[in-house]
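Here are a few exercises to work through with the structure open beside you. Try each one yourself before reading the solution.

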Amino acid sequence: MPVFYFSIENLVNWWYYSIINEVIRLKISTKGRYALRMMVDLAQNQGDGYVSLKDIADRQGISKKYLEQIVSILNKPEILRTNRGYQGGYRLAQSANRYTVGDILRLTEGGIAPVACLDTKNNECPRADLCETLFVWKGLNDVVNRYLDSITVQDIVDKSLLNENFDYII
């Protein structure tokens, strides 16, 4: 009987292989992706004060109506500051290095666990004690969350600046 050693590296390799072969489909919705783009845009442009949704929509190619739906999810005191009226708009409530990709996706997606039984802190699945594959999903969940929580909005801004300032002429 072969012995299998499960490590984080093996789980990541298995996850990658599974995704490539469409065994597992972990998809982030447009709401999650656009929320992240909006947060990055705010981080890049809030030096000018509050940023209007119209300006973000124009720069990002996202409908203003859709951004309004996203703002309703993110409009919490620890996430966004709001200013109404002339020169109104939004800005980040904290510095861009305080927001992780994982935080934003969990807010907009409602959770990013690969299986429903891991969406809540206490696994309430009646089969949890008997589930032979639960350790696989827990491992995958840990890897995905650790990765997404290791990237901040500021990291994305910095990488964007590096790419923007890279002039290569032949």
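**Exercise 1.** Which residues in H3 meet which residues in H4? Keep in mind that this is a predicted model.

*Solution.* Start by finding the two helices: H3 covers residues 53–60 and H4 covers residues 64–74. On the H3 side, look for Leu-53, Lys-54, Ile-56 and Ala-57. Their partners in H4 are Lys-64, Leu-67, Glu-68 and Val-71. Now sort the residues of this contact by type: 5 are nonpolar, 3 are charged and none is polar.

**Exercise 2.** Work out how H3 and H4 are oriented to each other.

*Solution.* Begin with what you need: two packed helices are described by the angle between their axes and the distance between the axes. For H3 and H4, the angle is about 120 degrees and the axes lie 9 Å apart. Roughly perpendicular stops at 115 degrees and roughly antiparallel needs over 145, so this pair counts as oblique. As for handedness, H3 passes H4 in a right-handed crossing.

**Exercise 3.** Find the partner of Asp-58 in a salt bridge.

*Solution.* Follow the side chain of Asp-58 and you get to Lys-54, with 3.0 Å from N to O. Both sit in helix H3, 4 residues apart, so about one helical turn separates them.

**Exercise 4.** Describe how S1 and S2 pair up.

*Solution.* Locate S1 at residues 80–83 and S2 at residues 89–92; they run antiparallel and are joined by 4 bridges. Within the pair, Thr-82 stands opposite Tyr-90. Finally, check the turn: the hairpin has 5 residues between its strands, and Gly-85 there has a positive phi of about 90 degrees.

Notes. Residues numbered from 1 in each chain as written. Predicted model: local features only at pLDDT ≥ 70, side-chain atom pairs only at ≥ 80, totals over all residues. Heavy atoms only, no water. Pairing = 2+ DSSP bridges. Axes fitted to C-alpha atoms, helices over the stretch in contact; angles between N-to-C directions. Parallel < 35°, antiparallel > 145°, perpendicular 65-115°, else oblique. Left-handed = near helix turned anticlockwise from the far one by under 90°. Contact = heavy atoms within 4.5 Å. Nonpolar A, V, L, I, M, F, W, Y, C, P; charged D, E, K, R; others polar. Salt bridge = Lys/Arg side-chain N within 4 Å of Asp/Glu carboxyl O.
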